[in-house]
Amino acid sequence: MNTKIKYYLFCGMLSAMFGMSSCTDYLDRDPESVISDETAFRNFTNFQGYTEEMYNLIPDIAKSNWVSSFNWGEDEIITIGGGEYLMGFHIDRGNYRAYINKGDCFLDRAWSSTGDRFAKSLWGGAWAGIRKANMGLEALENSMMIDGSQAERDIIAGQLYFFRAWFHFQLIQYWGGLPYIDYVLPSDEKLTLPRLSYQECAKKIAEDFRKAADLLPVNWDDTEIGRRTSGQNALRANKIWALGFLGKNLLWAGSPLMANGVNGPKTYDAELCKQAADVFGELLNLVESGQTQYSLVDFQNYSSLFYTNHQSWLMPGGTEAIMRSPTYGPDSYWRQANSYQVQAMANGDNIVLCPTANYVNYYGMANGLPLSDPDSGFDPAHPWKNRDPRFYNDILYDGRKVTQAASEYQYAALYTGGNYCNDDRNKSRTGYLNYKFIPIGANTIDNDYGYSTALHIHLSWMRLADVYLMYTEAAAQGYGSATGKSSKFYKTAVDALNTVRDRAGIERVNDKYTSSLEGFMSEVRRERAVELSFESHRFNDLRRWLLLTEYPYNIKTRQQFDRAAALDPNADPTENGVRNFREEILVTRNLSSKHYWLPLKTDDVSLYPEFGQNPGW
């Protein structure tokens, strides 16, 4: 721990508690305006107000400046000629240091605990949140909440333990093991706290998440405390949040990168995976027995997980979203709706974030088989036919109708030379566009998006389908097969995966992929790629699986093809034929072992010896 981090912690606490923008601002205030500890912590209402400042420190990963780049795996590529400043472009080139003080990247920027939409930073905000959690826990320990019931103290403590664990977990995901700060650092104490290993941190995180899960209710609305704000509790931490991230923390700690290091084998820590499976099993048993407010949404409402339109800024997520951050609805008009389209029909910055063709290939067939399987039925002459239904929901492919009004862009022309892809600067570079987060009609021709229609795009930090897939992975790796299962839940690993597939309406995992652990894991990895596509999971998944530097996970491709016949606007576009279907590499990422962790700032690692830099940086 160093003095700069300590400054973050101290200033963050002050700005969160008193609404100030800096330490200097706070010190300049009239002493009579300062809120005393006795007032801040005296009763539940005041203490909860203090605690809820931590929610406002949660970054919204999908909202950074006017164009957002948050998918850093092999899933997305940025158009050239304007997007070279975005973090995804730097990741492709191994320039991880570009994140430092970068306004368009949620990892590190000038941060604030206020509602400023550009000022949500993981690095600064997390340290501030950790200090704030520790101050709150110290106040509880010192009995400063003198007017309150035990139930009120428990629900405050549960939130504080949750946030102390959650902020630490988010930090170590990107930077590896760090000091675990579980007390209020005195301002006059010399800092010598060493960096712990990832698994040492994960153990302490697990202890805090477990405490949070034991103290928090499943649903605030079902408690006397929560009924005071009934209907307004969906964004408050609960038992399901804590169990979900407890399981995730254990699974991540048991994954190859964290278990074995950057040069280790691609094997898991089976014991940690068993622990993770038990936690996920506990959560899913509550869900499937009807004891929670959570359930998978029907596939016909799948898009409601990601956006709402004409619904007065209704937050997306429905019954499936578990943890969501505070949001600012109008931001999504600029950041997402304009960044995924041909720029001639958007109010964007001439930058398009395109799904890579190699990533789109993960969307298999409706029969549940991957495209590469000889029995899949995939036909390169009819590449859009009989695909996974999520392909049609998420991906804009050639010939699909885009605008209701007649225009030169009414039908996607993504064939070689078509007007959707004949310019790599402001159109598709890959033969596809991402429509997972925007409705057809979200363009300047139909004008069915923006402030006037209340288009609200928001991504959850965790949703229920992800929990099913994490249980799948943990149970399979913990017990060594597709039929592995926790004693806490009746479903096997393959059953849980099939639960997600059943919702999408595709066939279940073929028996040929369940006979070996590695064969099954290939389908687990592909299922995560499809179900969680473009939701900022892939980069961290590839890292923890030790696949980031390996072919084919280090390439980004485009598909070229000619139409076999003139477009018939009345025909089913999934049946359209193509000729000369081919794939070519656009980018090969020459990443090395050091790229499995982000570098720490040189200023931070230079202030005392115990706080060392990540290898290679």
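The structure holds 5 cavities of 30 Å³ or more. A cavity here is a set of points, on a 1 Å grid over the protein atoms alone, where a 1.4 Å probe fits but cannot get out. The model is predicted: local features need pLDDT of at least 70, side-chain atom pairs count only at pLDDT 80 or more, and totals for chains, interfaces and linings use all residues. Residues are numbered from 1 along each chain as its sequence is written, and side-chain values use heavy atoms, with hydrogens and water left out.

The largest cavity has a volume of about 150 Å³, a volume being the space filled by probe spheres set on the points. Its lining comprises 14 residues, where a lining residue has an atom within 4 Å of a point. Nearest the centre of this cavity lie K248, W461, S536, H537 and N540. Elements giving two or more residues to the lining are α7 (150–175), α9 (239–254) and α18 (538–544); α7 gives the most, with 3 residues. The lining divides by class as follows.

| Class | Lining residues |
|---|---|
| Nonpolar | 4 residues |
| Polar (Gly among them by definition) | 6 residues |

Helix α6 (residues 122–141) has 20 residues and spans 28 Å from first to last C-alpha, close to the 28 Å expected at 1.5 Å a residue. Of its 20 residues, 18 are buried (under 20% relative accessible area, 1.4 Å probe, protein chains only). At the start of α6, a side-chain oxygen of S121 comes within 3.5 Å of the backbone nitrogen of G124. Just after α6, S143 has a positive phi of about 60°.

How values were computed
Helix = DSSP H or I, 4+ residues; strand = E, 2+ residues; numbered from the N terminus. Expected span 1.5 Å × (residues − 1). Buried < 20%, exposed > 50% of the residue type's maximum accessible area, 1.4 Å probe, protein only. Polar contact = N/O pair within 3.5 Å; in protein donor to acceptor, adjacent residues only side chain to side chain. 1 Å grid on protein atoms, 1.4 Å probe; cavity = no way out; pocket = protein on both sides within 12 Å on 5 of 7 lines; lining within 4 Å.
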